[in-house]
Amino acid sequence: MRRKIRVYFVESKHLYFTAIFVCLAIGCCLLNLSTSILSSTIREIRGKKVIIDAGHGGFDPGAKSAKGLLEKELNLDVAKRLMRLLSKAGVKVMMIRETDIDFSDRNELFNTKKRRDLYYRIQIANQSDADVLLSIHANSFPQIIYRGAQTFYKLNDENSKLLAECIQNSFNNNLGSTRKARPGDYRILNDINLPGVTIEIGFLSNPQEALLLSDPQYRERVADAIYTGLVNYFAIKD
Ligand SMILES: [Zn+2]
């Protein structure tokens, strides 16, 4: 009887060490796999040039939520988070603005401040040799039921369309949006000479989505979803 117990003990000890060994081996494999996924992810986008336009700023607050959240501030916050993620992966990032400013005093070509401000942003984008432009905005609509992050692309431009679809897929997978990428008749998209998208990160007119957007952790998820979409775009395109 004793002997049997000893045998059992020896076997269980053996099983115990085998289990530890198997766990360590699986752990190492997973670590290697995640490291290789990470490095292949970074390989797709390292050295790319991305120009980020945080929409509105300065005199122009953009949309406003019922509780006073300003679109220009959310746009800038998500733009900066995205800049950090991209910079870490070796992407060359150019920010059109990094503070609460507008560019309406940079030219005298148009009657309205808004038009002068946009013209400056378009000029900066066109003078850059960036691969893509990402213009970050937040949506607003009179009916409060509408919600969901959505991406719009430069009309009649296949690369812009692909970029918008990649970012939209990521929004749908990672943020639960059910929207589709659509062509967008935005001045900044119409007048740039590189692929570009306008990214509406959510509806400030929807109380639940405005609440989500007021949370820095959610804004990090938004930036991360844009980053994932961008990685997929370069992976498919190159
Ligand atoms: Zn806007």
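**Reading a predicted model, residue by residue**

Trainee: With 8 C-beta neighbours inside 10 Å, does Asn-156 count as buried or exposed?

Mentor: This is a predicted model, and the answer follows from counting neighbours in it. Asn-156 lies in the loop between E4 and H4, and its phi is positive, near 55°, although the residue is not glycine. The cut-off for the exposed class is 12 or fewer neighbours. Because Asn-156 has 8 C-beta neighbours inside 10 Å, it counts as exposed.

Trainee: And His-56, which also has a positive phi without being a glycine: is His-56 buried or exposed?

Mentor: His-56 has a phi of about 65° and sits in the loop between strand E1 (49-54) and helix H2 (71-88). Because His-56 has 25 C-beta neighbours inside 10 Å, it counts as buried.

Trainee: Which residue of E5 is the bridge partner of Phe-152?

Mentor: Phe-152 belongs to strand E4 (residues 150-153), where Gln-150 and Phe-152 on one side and Thr-151 and Tyr-153 on the other are all buried, so that both faces are covered. E4 is joined by four bridges to strand E6 (residues 196-203), the two running antiparallel, and there Phe-152 stands opposite Thr-198. E4 also pairs with strand E5 (residues 182-183), in the parallel sense and over two bridges. In E5, the partner of Phe-152 is Arg-182.

Trainee: Which element gives the most residues to the largest nonpolar core?

Mentor: That core has 54 residues, and those touching the most other members are Ile-52, Leu-134, Ile-167, Ile-201 and Ile-226. Leu-134, setting aside residues up to four places away in sequence, touches Val-50, Ile-52, Asp-53, Val-197, Ile-199 and Ile-226. The buried residues of helix H7 (residues 216-237) include Val-222, Ile-226 and Leu-230. With nine residues, the element giving the most to the core is H7.

Trainee: How far does H7 reach from its first C-alpha to its last?

Mentor: H7 has 22 residues, for which 32 Å is expected at 1.5 Å a residue.

Trainee: Finally, how far apart in space are Pro-195 and Ser-160, C-alpha to C-alpha?

Mentor: Pro-195 is in the loop between helix H5 (187-191) and E6, and because it has 23 C-beta neighbours inside 10 Å, it counts as buried. Leaving aside neighbours within four places in sequence, Pro-195 is in contact with Val-132, Lys-154, Asp-157, Asn-159, Ser-160 and Leu-163. In sequence, Pro-195 and Ser-160 are 35 residues apart, but in space the separation from C-alpha to C-alpha is 4.7 Å.

How values were computed. Residues numbered from 1 in each chain as written. Predicted model: local features only at pLDDT ≥ 70, side-chain atom pairs only at ≥ 80, totals over all residues. Buried ≥ 20, exposed ≤ 12 C-beta atoms within 10 Å, placed from the backbone. Pairing = 2+ DSSP bridges. Expected span 1.5 Å × (residues − 1). Core = buried A, V, L, I, M, F, W, Y, C linked by C-beta atoms within 7 Å. Contact = placed C-beta atoms within 7 Å.
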